[in-house]
Structures are given as structure tokens and as C-alpha cells.
Amino acid sequence: MGSGFKKNMRCPNMLSVDFHHGFLLIVLLLQVQQGTSVLEIQTSHDNILKINSAGEMMQCSAVMDILFLLDGSYSVGKGSFERSKHFAMKLCQALDIGPDKVRVGFIQFSSIPRWEFALDSYTTKQELKIRLKKISYRGGSTQTGLALKYALWKGFPGGRNSSAVARIVILLTDGMSQDNAIQAAAQLKEEGVVLFAVGLRYPRWEELHALASEPMESHVFFAEYFHDAVNGLYTTLTTTSLCGATPTGCQVEAFPCERKSLETVKELQGNFMCWKGSKGYFPSTSLCPYYRYKKAYKRHASICHRTICPDPCDSQPCLNGGTCVSEAQEDYTCVCPPGYGGDPHCAPALSLDCSVDLLFLLEGSSTLTLEGFLRLKSFLKRFLQTVIGSNSPSKVGLAVFGGETRVEAQVGKFKGDLKGLLKAVDALEPIGGPTKTGQALRYVTRNGFVNIPVFADVSDDLPHVVVLLTGSPSADQVVEPSKYARDMELFLIAVGPDRLKGQLDNITGNPQRTLTYASPERLAAKIPELKAKICSVDTQGCLGQAADLVLVLDASAGVGHDNFATVRDFARSLTVQFDINRDLAQVALVTYGRKATTVFNLDAHETGSTILKAAAQANYVGGVASAGTALLHVLSDVLTVAEGARPGVNKAVVLVTDGSGGDDAMVPARKLREDGVLLFVIGVGDVQRDSLLRITGSEQHLILVPFYEDLKYFEDVVVQMLCSEVKKPVDLCKPNPCMNDGVCVLSGGSFGCQCRGFEGPHCEIRISRSSPRGDFRRPSGLRKTKRQQKSHKEFLRHYKLHRRRNAA
């Protein structure tokens, strides 16, 4: 999804649909290209996961006659046709199929429509699935309007023909029709039929809007993600009381969303001198316009409604940076960072044992009630009593703000004097005036920290941390002052109620440093979490950092089954140190013996919890190890645009090996480094250091670990090395983001692809000159093996020659 993907629908109380006259559902399936979506819901990642989860649980049990229309034209192709059959079957799995419930029939259409089977032919899901698999692709032009008229003329053979039974038509097609589909849809609506339109990939939203019934926002959806499409459809059906599909305990929520159509735009670039004239007349010079055509988005703002089901991790039960993993509807486990695994909720001793300069910035405005101010002051006092000891290496200061800002205790004034510090907290008084949070941040940036020399010419240069404790929205702008503070190397942590989360995220610049609570009674329970966030600012350097990371694990017999389990757990712990989502960090996992296997690609998972689950499924391989085969696999089949690699993002490969099977790795390792990929090697046990050094090309990228049990002690070292490297500037053309022999060209801080015989941002679309309408025979997807063989032809020849020489 995402960072993400997005969707759409309107308020339930705005629906006024009469289902007694009929019912039509249109699902438009366009070809999918990974990594791109044209409909986005502006909500959190957690809500996106809940939408998908609810879509899996929703079941529709009602009296309905459903007729599927499958597009079997040449423009769809056999591969997409098979995919549309799969989509239809998945949708049927959420329906209560039976003679007295939901009946299903199928028509395939292209140039002409053709009956596959009637609505009363099959009465169970299993029978329906077996028959659906036997439907064969036919080919032809895309006559969508004719198919809709055919459904209207023929009616519903095998249906119940009763006003009490909702009639539904589901049209699966690849896009723009070649006849008047809108007129046919209008005829259906005149007959009292309700139309739903669901598009995928880059639909023409204007046509979908024209096909759909009013209100349009409740009848147009985006079906690239199946569970979300089912969720949206059944949410609407539930709202109209046609189908009770909402699971117990779940509820409908609204989100702003935006649809985007990718269209060709004509732009005037200027004029040039040209000759004009007719035959028999003397030509003359003139100015002729010069145009350029480019792809651009056309935007349509809307509101989406989806059913949301609660998750056991909503209460954030895992402390100190632990990752909550849902295991069932009411069960979870906490994956704890190193040092916190002794408690099921990752709760350690709460001593603030990290070295930071810590300034608490407390709101004392007139907007905040006296009760609210005293509550924040009580929380601060309890926090200090809990985590600050006489030997704590951190230094603490106090400031209060409202209409103005005052530093009441300089950082370090009460070093080693906890009683004095607590008395200073007791003495804090509200300042009054408006809540000028932005002004306060600027003030403490300039005046909150004073470097006191430890010796004559040495200053105590510890990380500067500001903890904002607030309870009301800011009366001034916070974005620029916050950015100024972060640019001055202040770490900002914000604590406030849930309703301020958006503003607090803008202040911290990283949701990982924002701490919110649902009610005042829950504030005290946030002490362990706040302590963990304060001590993470100097160690969790990869939070908020974009990177494409590939973990390559030796799963050969040289490692052994038990040691591989240790290596796998080490890899899972590494992923916790990164912000996993489409906009920040992506992680892929590869295991290898003689051959290499992709456990999951870079764009396969959008959250840390799903990566942890997927990584746990990596299997021991055994056999002889070939690190060269593994690195070649990474180069050709993992770090590619087609598999989720992103241009403009630093790429790193971490190879964990026992040192065997590395003789053939030097050539692909050199190719990776030449493509700008950071290559790190972790050698475990009695390894040949020089051999591994030839793979990394640098001592700074080589880590030697004596025993597999010691891997956990090197986790911080690996994370720090990765973080320092992925923050460096990146060459946008390394590795080459252009497919099909496209040439990458840097220009003005971005890149472009010069294509031959192809088009698109990455030269991913073959140019066809044979059919302007798009109804021609073509493969269902890009043939990746041919593309890679072409782009790596010379490299592979050198690599095979190198292996033959080593074997000799």
C-alpha cells in the first residue's frame, strides 16, 4: 500500500438507494505495475493494516443474484484474464453461496459476449471454483457497452426474478471500452439498477464516475488491493442494510483520500523558424510552435469509508522500543530489543543510564487549565523519581512556556542532586498567555543549553534532548521553529494527548519520537516508553532514514541447522532498528547454499511486524555454499526496479557467512560496489580474513565474529556502520534505474531515462505501432529474465570465466 495506498467512499447517512429495482456492480481491473498506486487514503499504517484485516474477515450473507462479466479481449491478454478469474473466485469466497442465498453466473465477452454458465448451475463454492478454472481465454476487441446491454437484454438466466432479490452484475475489464459503455450504463440506471465502479492501477476516473450511481463517493473503489476493495464494497452494502458484513466489535471510519489519473499532457515549449507556403507560391518563413508531451497526474479529492477492526497491539503493550506482533484477534507477542528480553512486555529496570543533556519544556499557558498544568508537573516529577539516580550520567534542565518562555533551571544545575531537582519542579508556576510552542522551541534552541568546559579547552559535548510536555494546540507555527531546532542538532521528543499527534509529529519530525496518550489517567504508564525514547536518540540512528537493505544469510551445511536459527534471529533483530515503510526503509531477505532463494523482496512488506513474521519462515538449506551465486542473485533478481528497489535511495547488502564458498564472490561483489551498493560482510568463526576483505573491498565493511552465539553482541556495531553509510549522498543512476537497456541521465537533482523502443519513467512499457486502441496480442508482463540477461550480458560472461578458472 504504501507509504502508502488510498481509497474512497461517502458518509453512510447520505446513501439513498432503492435495491428493489435491481443492482449492478462494475469492477474494472487494469494491469498492475508494482510500486505505483493511484488512490491513497491519508491515514496511519496501522489503520491500513486494520482495513486489510477487516477485509479478510468480512462475509456477506444475503439473497442476491450475481452475474460476472469477464473481459476476454486481446488487450487483457491470457495472463490478466487468468488473474481476473482469480479475483472473481476470491470475491466469491466472501459470499454465502447457496440456492437460497447468493447465486453466481459468468459471461465472457470481447467482440461478442458468450455465456459460460447460468446462475443456478452451481450451488457450492467448491463446484464454482472447479468450473471457473475451466473457462478459456478467447480474445477479440473490447465491447464493454455491448456486454452491459447483453446483460440487460438477457436478464439473469437461472436467477429468481423477484423484486426482493438484489441483482448484481460484476464487470471485469482492462479499462477504456471501444463502444459507448456510458450510454449502456445509463440505460441500466434508468431501469433502477445501482452501479458500482471499481478501478485498478491507472483507471480513467472520469469514466468510472460516469458509470457509477450517486452518491459517486460511495460507489467508486480501487481494487488493486483485494481485501481493501472487499472492505469498501461490503461497507457500502452494510450501510444500505442489503448485507450485514461488519464483524462484531468493528466500526466504520472515514478518511480523506485522493484519486489520481496518469494522463498525457501537451505543453508548449516555444517557437522555431519554419517555411510555409503552397504549391506554385513562393514559400515564406514563419514561427511554428513546438510542443512536448509528458505524463502528469489529474487529481480528484474525496472521502473514503472503511470498516476498521480493533487490533491487540492498539494498546501499545510493548515497552522500550519493543515491536508488538499480532498473533490472533486477541493475542500478541513482544519482540524486544537487546537487553529487554527478560520481560514479556520488554520492561527493564528504568534507570536513565544514557548520557544526554536533557531539557524538559513544560506548557504553562492560559489555554491549559491549572489541573492540566499540575498533571504535567506531577508526571515530570514521577518520571524523575523513577529514572534519575545519584549516579545517572545525564544532566537535566527545566523550562516553562506560554506567551513567553523561561528557563527555570539550566541543564546540569542539579547534577547529582535529585532532591534539589525535585524541589525545582515543585516550584514551577504557569506563565499564562497563549500557547506559543513555536516561539518556545526557538528560545530553548538558542538559550536552553550552555556548554560548560570540562577542562580548559574541552567541552562536554553530549546529545541535546528537548522533551516537550504539552496539552493544548499551538497558537503559532511550529514547523519552521522545529526544523530550526533539529538543524541545530537538537533531538525533539513530544508528549501530549492523542488529538495533538499530527502537530507533535510535525515538531519531532519522526513519529518514533512522539508519545501520545488516550486519557490523562494513562499518562503515568508512559514513563518506561519516554525513558526508552530519550536513550534511543544516540543509538537508533536509522530511525527516519531511507534505505534499501538486503540481508543475505548463509544457510549451507557449513553453518548447520542450529547456527542458522541463530543467524535468522540476528537478521530479525536488525530489522527492528529501521523504520519499515515504502517511504523510508525497505528490507529483502535472501538465503543460500549452492543456489540462492529470495525469502521476500524489498517491496513485499510495509511494516516491521510483517517482516518479523516473514523472516521467521526462512528455511535452512544445507549443502555446499556459493556466496558468489548469492551475490549474483541479489544483483540480478533483488536490487532491481521490478522487484521494488527505489532510485535515489542508498542500497546496502549484509552478507552473513562462515567464510566457505566465497572464492566465486569477488566478481559479483565488485559489480555491486561499482553500482554504488554498500557491501558489508559478517564472517563468523575461523574465517580467512583476506578472502572476505576481497569481497568487501574495505576493512570498514568487514566484521569478524568468533562464535554464532556472539552475533547478538555485534548488533549495535552493524547498525551503526549501516546508518553512517546510508546517510551519505547517493548517485541516482547507480544502480541503473532504467529497464530494457535504457540510459540513465542525471539532470537538476533528479534523473531521466533515455529509452529505445520503450517508454515510461523506467522504460518499462514497450511501444506498439500496430494498434492505436490497444487491442493486440502481447505478453501479460515484462519478461524480467530477458531484460536482465540483456543488461548483464557482458558481466555474466566475465563471471562464468572467473568461476571456470577457479575450478581449474
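What follows is a talk about labels and the values behind them.

Modeller: This is a predicted model, so local features need pLDDT of at least 70 and side-chain atom pairs count only at pLDDT 80 or more, while totals for chains, interfaces and linings use all residues. Residues are numbered from 1 along each chain as its sequence is written, and side-chain values use heavy atoms, with hydrogens and water left out.

Biologist: What makes α14 and α15 roughly parallel or roughly antiparallel?

Modeller: Their axes come within 10 Å and cross at roughly 170°. Axes are lines fitted to C-alpha atoms, for helices over the stretch in contact, and angles run from 0 to 180 degrees between N-to-C directions. Under 35 degrees counts as roughly parallel, over 145 as roughly antiparallel, 65 to 115 as roughly perpendicular, and the rest as oblique. So α14 is roughly antiparallel to α15.

Biologist: Which residues of α14 and α15 make the contact?

Modeller: R568, R572 and T575 come from α14, and I611, L612 and A615 from α15. Contact means heavy atoms within 4.5 Å. By class, there are 3 nonpolar, 1 polar and 2 charged residues. Ala, Val, Leu, Ile, Met, Phe, Trp, Tyr, Cys and Pro count as nonpolar; Asp, Glu, Lys and Arg count as charged; the others, Gly among them, are polar.

Biologist: How do you know where a helix such as α12 (residues 501-508) runs?

Modeller: Helices (H or I, at least four residues) and strands (E, at least two) are DSSP runs, numbered from the N terminus. D505 lies in α12.

Biologist: What makes the pairing of the D505 and T514 side chains a polar contact?

Modeller: The distance is 2.8 Å. A polar contact is a pair of N or O atoms within 3.5 Å; within protein, one must be able to donate a hydrogen and the other to accept it, and residues adjacent in sequence count only if both atoms are side-chain atoms.

Biologist: Is K651 buried or exposed?

Modeller: K651 has 4% relative accessibility and therefore counts as buried. K651 lies in strand β24 (residues 651-657). A polar atom of the K651 side chain lies 2.6 Å from the backbone oxygen of R646.

Biologist: How are C763 and D741 classed?

Modeller: C763 is at 1%, so C763 counts as buried. D741 is at 40%, so D741 counts as partly exposed. Both sit in loops: C763 between β29 and β30, D741 between α19 and β27. The phi of C763 is positive, about 60°, although C763 is not a glycine. D741 is also a non-glycine residue with positive phi, near 65°.

Biologist: What makes a set of residues a nonpolar core?

Modeller: The members are buried Ala, Val, Leu, Ile, Met, Phe, Trp, Tyr and Cys residues joined through side-chain atoms within 4.5 Å. The largest such core has 43 residues. Those with the most contacts inside it are M64, I66, F68, L95, V104, F106 and Y234. Elements giving two or more residues to this core include β3, α2 and β4.

Biologist: Which residues does V104 contact?

Modeller: Leaving aside neighbours within four places in sequence, V104 is in contact with I66, F68, C92, I97, F117, A118, L119 and L128.

Note on methods. Buried < 20%, exposed > 50% of the residue type's maximum accessible area, 1.4 Å probe, protein only.
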